[in-house]
Every structure is written in structure tokens, then in C-alpha cells.
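Welcome, and thank you for joining this tour. Open your viewer, and we will go from the whole chain to one pair of elements.

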Amino acid sequence: MAPLTKFLRFLALFSYLGLVIWVPLWHFLLSEGIGYSVTFIALIYVLPLLLPLRGIVTGKPYTHAWANFVLMLYLMHGLTSIYAVEGERWYAALEILLSSLAFIGCTFYARLRGRELGLGLKKLKESES
């Protein structure tokens, strides 16, 4: 694995794991309690992060690519919270930072590692008329 690919894997892995730790910590311990049940918070805020976790830990490029769809949920949540919830702006800023770093790491790791492994979409050849 090339040094840049290793760095991007490190960035993706640690920022994603940071998000996996930060989101439950924020919503279960630090939040002022909005009145949602523990089950609702676990399903909405924590479960989506756990779906691609195995593939990210094992370094699968395809999982890194589709994990970006999950990461966008947390970026949007952080942006909404930083605007709407005045008392939790620093918490939201950390969520935005972690999800942005994970997005960058996952995107470029998937691209570079996929090229190294020879993965990718085959280009269609134009048929001659």
C-alpha cells in the first residue's frame, strides 16, 4: 500500500471511530435531554454508524465508498445543530469536523486503494456504426 493510501486509511479509520465514540457520548451523556427515548436515539443516531463499521475496520474500499452516504447524515445533523441548538454548538462543530475528515479519508482511500487493487468500473467501448 502506498504511503498516501496508508495515511488516508488512517484518517478515515480514526475519524470514523471518533464519530462512533462521539455521537453516543454527545447524545447519551452530554446532551441536555430533548425528551427522546434511549431506543429512538440509538436507532436514529448510533445504528447508521455501525452499518459500515466492519468494512471500514477491515479496509474494504467499496465499504469506504458507500460509507460516505452515512457520513452525510452526520454532516447534515451537525450543520443543523450548529444553527438550531445554541447550547450544543461545540458538540455539533466536533461532529462536523469528524464527519468531514471521515468523508475525505473514505473518499480518497476508496479511490486510491481501488486503483491499487485493480477495482473499478469498466468503460464501455463505443460501438462502431
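**The whole chain**

What you have open is a predicted model.

The accessible surface comes to about 8,600 Å², and carbon and sulfur atoms hold 69% of that. Of the 129 residues, 39% are buried. Among contacts with a separation of 6 or more, 75% join residues 24 or more positions apart.

**Helices H1 and H2**

Select residues 3-30 for helix H1 and residues 38-50 for helix H2. How do their axes cross? They come within 10 Å of each other and cross at roughly 170°. An angle over 145 degrees counts as roughly antiparallel, so H1 is roughly antiparallel to H2.

Show the side chains where the two meet. On H1, pick Tyr 16, Leu 19, Val 20, Val 23, Pro 24, His 27 and Phe 28. On H2, the contact is made by Val 38, Ile 41, Ala 42, Tyr 45, Val 46, Pro 48, Leu 49 and Leu 50.

Finally, color this selection by residue type. The contact of H1 with H2 has 14 nonpolar residues, 1 polar and no charged.

Key:
Residues are numbered from 1 along each chain as its sequence is written. This is a predicted model: local features need pLDDT of at least 70, side-chain atom pairs count only at pLDDT 80 or more; totals for chains, interfaces and linings use all residues. Side-chain values use heavy atoms; hydrogens and water are left out. Axes are lines fitted to C-alpha atoms, for helices over the stretch in contact, and angles run from 0 to 180 degrees between N-to-C directions. Helices (H or I, at least four residues) and strands (E, at least two) are DSSP runs, numbered from the N terminus. Angles under 35 degrees count as roughly parallel, over 145 as roughly antiparallel, 65 to 115 as roughly perpendicular and the rest as oblique. Contact means heavy atoms within 4.5 Å. Ala, Val, Leu, Ile, Met, Phe, Trp, Tyr, Cys and Pro count as nonpolar, Asp, Glu, Lys and Arg as charged, and the others, Gly among them, as polar. Buried means under 20% relative accessible area, exposed over 50%, partly exposed in between (1.4 Å probe, protein chains only). Accessible areas come from the Shrake-Rupley method with a 1.4 Å probe; for residues, only the protein chains shown count as cover.
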